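The following exercises are to be worked with the sequence and the model side by side. Each task is followed by a stepwise solution.

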Amino acid sequence: MANVAIVTDSNSGITQAAGRELGIRVLPMPFYINEELFFEDITLTQEQFYQRLAEDADISTSQPAPGDVTDLWDEMLETYDQVVYIPMSSGLSASCETALMLANEYKDKVFVVNNQRISITQRQSALDALEMARAGMDGKAIHDVLMRERLEASIYITVDTLKYLKKGGRVTAAGAAIGAVLNIKPVLQIQGEKLDAYAKARGWKSAKKIMLDAMEKDITQRFAGKPVHLMAAYTCSDETAQEWKGEIEARFPGYEVHMDKLSLSVACHIGAGSMAVACSKKLEL
């Protein structure tokens with residue numbers, strides 16, 4: 001039976017402390033703030049990030065240095081026979097493609113999963129991988145299952161301000177100005193590789209209804225008859241997030257809803273005040 005280490009990055013929303021508790025290693029993602037390098041949950045807390053975001057600091061995401069990735073793999077291979085590495089979606093960062101290239105030098109030792117997820121759905125992939133590893137599956141088998149299931153997840157997000165979508169070029173300046181006047185709340189979707197527009201709403205109430213309706217459609221039609229994990233995420237206040245979680249639980253009674261803060265790589269593009277709902281199909285081994 002192979003002894004398999006599960007490694008992901010901090011885009012999963014798994015903190016260093018939670019990773020130690022779960023038995024999952026977490027590679028911290030780098031950020032540049034006014035050209036100074038920080039690492040998520042190592043030298044940059046969530047609170048510090050949002051403070052700098054509010055101050056209009058120049059914040060940009062980056063991918064881990066190749067040496068940092070291979071150093072972590074080498075460290076894990078001192079104890080484990082194989083490593084399954086689950087980075088953020090290749091459609092959102094080049095870090096996955098870099099990892100796939102690096103893994104060519106670790107044949108049958110490191111298996112990189114390009115399963116096109118981020119945040120809470122990426123977290124669930126890491127938990128699924130851990131469950132399979134503990135069941136005795138080897139790295140190749142775990143990789144193949146996660147790749148087979150890679151598109152079986154959805155995230156719907158609504159944002160408080162169009163400022164950061166405008167900054168990233170996803171909304172024009174004119175569109176952002178009109179949206180602010182009309183209280184337009186875009187609903188975005190991550191289903192597969194990228195962050196895409198899903199719908200437009202007038203106000204929070206309408207935006208949340210659109211997200212919950214979309215999730216119900218996924219559960220009752222797309223995943224009809226198949227069990228799913230139901231999740232929530234946020235960059236809003238903890239109090240507002242708890243209210244949002246309660247709304248999800250009321251709409252979908254009987255589900256245990258896991259909730260986390262959205263990873264900083266997503267928050268960088270949408271800002272504070274956002275809410276999300278997500279699901280992923282439970283594994284069928």
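## Cysteines and conventions

The structure holds zero disulfides, a disulfide being a pair of cysteine sulfur atoms within 2.5 Å. This is a predicted model, in which local features need pLDDT of at least 70, side-chain atom pairs count only at pLDDT 80 or more, and totals for chains, interfaces and linings use all residues. Residues are numbered from 1 along each chain as its sequence is written, and side-chain values use heavy atoms, with hydrogens and water left out.

**Exercise 1.** Classify Cys-96 as buried or exposed, and do likewise for Cys-279.

*Solution.* Buried means under 20% relative accessible area, exposed over 50%, and partly exposed in between, with a 1.4 Å probe and protein chains only. Step 2: apply them. Cys-96 has a relative accessibility of 0% and therefore counts as buried. Cys-279 also falls in the buried class, because its relative accessible area is 0%.

## Helices

**Exercise 2.** Which residues of helix H2 are buried, and within what arc do they fall?

*Solution.* Step 1: in H2 (residues 46–54), the buried residues are Gln-46, Phe-49, Tyr-50 and Leu-53. Step 2: viewed down the axis of H2, these residues fall within an arc of 90°, so they line one face of the helix. Step 3: continue past the helix to Asp-56, which follows H2 and has a positive phi, near 65°.

## Strands

**Exercise 3.** Describe the surroundings of strand E1 and its pairing.

*Solution.* Six of the six residues of E1 are buried, so E1 is largely enclosed by the rest of the structure. Val-4, Ile-6 and Thr-8 cover one side, and Ala-5, Val-7 and Asp-9 the other, all of them buried. Step 2: find the partners. Two strands pair if DSSP finds at least two bridges between them. E1 runs parallel to E6, with five bridges, and Thr-8 has Ile-86 as its bridge partner there. E1 also runs parallel to E2, with three bridges; here Asp-9 is partnered by Leu-27. E1, helix H1 (residues 16–22) and E2 make a right-handed β-α-β unit. A crossover is right-handed if, with the strands pointing away from the viewer, the path from the first strand over the helix to the second runs clockwise.

**Exercise 4.** Carry out the analysis for strand E11 (residues 228–234).

*Solution.* Step 1: six of the seven residues of E11 are buried, so the strand is mostly covered. Step 2: E11 runs antiparallel to strand E13 (residues 275–281), joined by seven bridges, with Ala-232 opposite Val-277. Step 3: E11 runs parallel to strand E12 (residues 257–261), joined by five bridges, with Leu-230 partnered by Val-257. Step 4: E11, helix H10 (residues 238–251) and E12 make a right-handed β-α-β unit.

**Exercise 5.** Which strands pair with strand E3 (residues 30–33)?

*Solution.* Step 1: E3 pairs with strand E4 (residues 36–39) in the antiparallel sense over four bridges, and Pro-30 stands opposite Phe-39. Step 2: the hairpin of E3 and E4 has two residues between the strands, and Asn-34 takes a positive phi near 50° in it. Step 3: E3 also pairs with strand E5 (residues 59–61), in the antiparallel sense over three bridges, and Phe-31 stands opposite Thr-61.

Terms used: Arc of directions from axis to C-beta.
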